[in-house]
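These are my notebook entries on a structure that is new to me. I set down what I looked up, one topic at a time.

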Amino acid sequence: MSVDYAIANTANSYIQGGLEIITSKSGGNVTVTAKLYMRRTNNYSGSTYDSNVSRSITIDGTTTSGSGAVTVAGGQQNVWQGPILTASKTFSGSARNITISWATSGAASTNLNGSGSTGFSVPDGYVAPSGGYVNVISKTYNSVTAKVGVASFGTPNTNKNLELKILEKAYTAGVPARQNSGLANGATTTVTNSSTMFGDSFTIIGNKTYHTGVYASNGALDSRFQGPTFTTPCPPLSTLRLSSQVYSTYNTVKATIGWSRQSDGGALTRTLKYRYSIDNGSSYSNWIDAGTASATSGSFTIPNLPSSKSIIVQAKLTTSAGDSSTKSLTFSTLSTHAAPNFKDFAFRDDNAKVTALTGSDQVFIECQSIPIVTIPIEEKATGNQNTAMSGYNIAFSGQNYFMDYSDTEDVSKTLSAPTQTSTLVLAVLAVDALQSATQVAKDVMVYPWSEPTIAANITRENGFEASSTLAIKGTYAPVVIDGVAKNSLVIKYRYKKSSSSEWSSWEVRPVVIKEGAWETSNLAKTFDNSSQWDIEVSATDEFTTTTVSLVLSMGIPKFFIGDDGRVSVGKRPEKSLLKGNNGQLEVAGKIYGTAAELTDDVTANNLSAKTAIYAKNQPLMPTHVGQVIMSTTLDTAAKVAEIYGGTWVTWGAGRVPVGVNTGESEFNTVNKTGGVKSVTLSVAQMPLHSHGIKNLRFKNAWTATGTGSGNWLAPSAYVWGSNTQFNDIPIVGETHNTGSGNAHSNIQPYTTCYFWRRTV
């Protein structure tokens, strides 16, 4: 069992303290528990705080104390906060009167200092009622119908004093928020949630009260039990209607839908959601969140619905407890949008030079024309179905432009010069606020043009003389209209010494033009070769001038031979010719011998080097190891080395040089020797010849009358006649010898000299 708070004021009316008293029975004993709470009684938003507050509860003379921080939060008017102290005491089960008091002190702020007391009686043999119930019969979005009662009235049986009540909100100890009273046991009643202060749910509590049955500080004895807690369902939408619709983009519609809902206590956060179908309900979009429906009416917008369609819209309210029933709306969107009305525009070339050349402002020249597009007021575009106009988009020669719309005057736009040629399309699109457009296009002739180019050079004769040649040629755009070249071309040049700031007057050069190319005849001109010169050449057509700059360097010969025998390389002669010299050499750079760089020591007919390669008026001739030279005066190796350097040995003494011939064994390698000065011929080396024979004899010859023994016939016994016989007759005779057998000379005509070969 329990009693309500015994409420007593503190030191002022801003902060109150109060006790929650709970009684329970076990066997023959009753236990009393007291809890001390505090609350704010005004709407102050700040907190009341103290770090050390003493507090006490006294139950029939037994005191329980405590201390510490106490905070009463701001902005929570009439909401009990705590407990800040709890005390208990057990009594015997006999009837008795009980007094309970509390006190707080020591707070720096007197708002937290106060005290209070209450008393109540416990009947003899008290037994609390039991079997309390609260049965929910039905509920709506803002009400609940329930049956309330107890199974046992307890002891003593004082049914006549039993009073049942249903609280409108979740039970909070000490908060007397009750609605229905005086209900009989087992009575049925309906509770309506008609106040937004009750939060998100109902809590139903049945109360059984003995004695006075009054909830006040007089300490009536209560028996309290809590029934089920539940949330009310979401209220449905009352209305769903089409408020308005407009075109959002070309052939799409934006519809605004109004709604309203039944009024309730606003206990739960209500969110509005909708979905729509464009195919007569065969399919729907996903549910779309339209925001919190805290008010009882509002609207939401559905963008980009197709035109000329029947639309079904469904909407509902949702809460954490569930969704309301669905409300439906069917309407037809606006008809298909028509593009703007637009028929014509004007254009012209605003470059007077171009129009003077072409004879018309309706044709353009590449990179030179200044196109202007104009929409006269009488040709302005107009929108359909009350759709406003946005402006004009222009496309020409790869560029896009936007031009503002005017309903009261002409509008114009200057475009960039065209960079494309031949027949181009100039298109203007009239665009309305829904981005619907109507295009008008015209063909425009653009003639090609490009800036004149110049290819020019100037050269000195032989690379260094004063007489020079200026050659000029290039390209240009003739701008041919109806077979006639309209563009003119003038070629000029001028010059000055590089060291001067004064230019000569411009001089015009005759030009020959053929198929877009041009050239001038070569110009012979004398420029002092002791100075550097600047030359400028310009090409001017009807629109622009192209200029190039040339530099003619000083006349420095690459190789110079003077009539006095002097020679210069890479420069003009500068040194004075030494007396008695028949010439001299000057070089604008380094001189190299074989693997040696010459020094700058040039004195008295002597050019010295790290390795001497020029000395004593001898011809300059570099040498190398293995080289062979001939001389009629250099009769020692020392004399040769003095001139050519290196180490030399005699070579080929008494022999004639023969070139290497790899095809003949006698001559197939270098330094091979052979041959003799004289030779004695062998028989094999003599020419073919014959000799006379004397004292001829014949062996095995006989006459017919002879013995046939094969005797030799005497050489003087010549045998003639048919009866003479010969058999196996060798000729035996005797030759006559002549000559001495001496060797003969094998030397060709010659002239002698010294041969030397370099070895180091």
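Predicted model: local features only at pLDDT ≥ 70, side-chain atom pairs only at ≥ 80, totals over all residues.

Entry 1: Lysine 380 lies in the loop between strand S26 (371-375) and strand S27 (389-396), and aspartate 407 in the loop between strand S28 (399-404) and strand S29 (411-414), so the pair ties together parts that are 27 residues apart in sequence. I noted aspartate 407 as partly exposed too, with a value of 46%.

I then asked how many salt bridges the structure holds. The count is 7.

I looked up lysine 496 next and found a salt bridge with aspartate 534, in which the closest N and O atoms are 3.0 Å apart. Because lysine 496 lies in strand S36 and aspartate 534 in strand S41 (residues 533-540), this pair ties together parts that are 38 residues apart in sequence. Are lysine 496 and aspartate 534 buried or exposed? I recorded both as buried.

One further salt bridge I looked up joins the side chains of arginine 348 and aspartate 350, at 2.6 Å from N to O. Arginine 348 is partly exposed at 34%, and aspartate 350 is partly exposed at 39%.

**Entry 2: asparagine 487.** I found this residue in the loop between strand S35 (484-485) and strand S36 (490-497). Asparagine 487 has a relative accessible area of 5%, so it counts as buried, the limit being under 20%. A polar atom of its side chain lies 3.0 Å from the backbone nitrogen of glutamate 542. Leaving out residues up to four places away in sequence, I listed its contacts, among them Leu357, Trp449, Tyr476, Asp541 and Glu542.

**Entry 3: phenylalanine 667.** I placed this residue in the loop between strand S50 (648-650) and strand S51 (678-679). Phenylalanine 667 is partly exposed, at 32% relative accessibility. Which residues is it in contact with, leaving aside neighbours within four places in sequence? I noted Val658, Gly659, Val660, Asn661 and Thr662.

**Entry 4: backbone details.** I looked up positive phi values in residues other than glycine. Serine 308 has phi near 55° and is found in the loop between S20 and strand S21 (310-319). Serine 308 is partly exposed at 44%. Asparagine 462 has phi near 60°, and its place is in the loop between strand S32 (453-460) and strand S33 (467-475). At 55% relative accessibility, asparagine 462 counts as exposed.

I also recorded a cis peptide bond between glycine 82 and proline 83, with omega about 5°. Proline 83 lies in strand S6 (residues 81-92).

**Entry 5: an open sheet.** I traced a sheet of 3 strands in the order S16-S17-S20, with antiparallel pairing. Its edge strands are S16 (237-249) and S20 (297-306), each of which pairs on one side only. From one strand to the next, the twist averages 20°. Strand S17 (residues 252-261) runs antiparallel to S20, and 8 bridges join the two. For serine 260, I identified serine 297 in S20 as the bridge partner.

**Entry 6: cysteines.** I looked for disulfides and found a count of 0. I also looked up two cysteines: cysteine 367 is partly exposed at 39%, and cysteine 753 is partly exposed at 31%.

Definitions and conventions:
Residues numbered from 1 in each chain as written. Heavy atoms only, no water. Pairing = 2+ DSSP bridges. Helix = DSSP H or I, 4+ residues; strand = E, 2+ residues; numbered from the N terminus. Axes fitted to C-alpha atoms, helices over the stretch in contact; angles between N-to-C directions. Disulfide = S-S within 2.5 Å. Buried < 20%, exposed > 50% of the residue type's maximum accessible area, 1.4 Å probe, protein only. Contact = heavy atoms within 4.5 Å. Polar contact = N/O pair within 3.5 Å; in protein donor to acceptor, adjacent residues only side chain to side chain. Salt bridge = Lys/Arg side-chain N within 4 Å of Asp/Glu carboxyl O.
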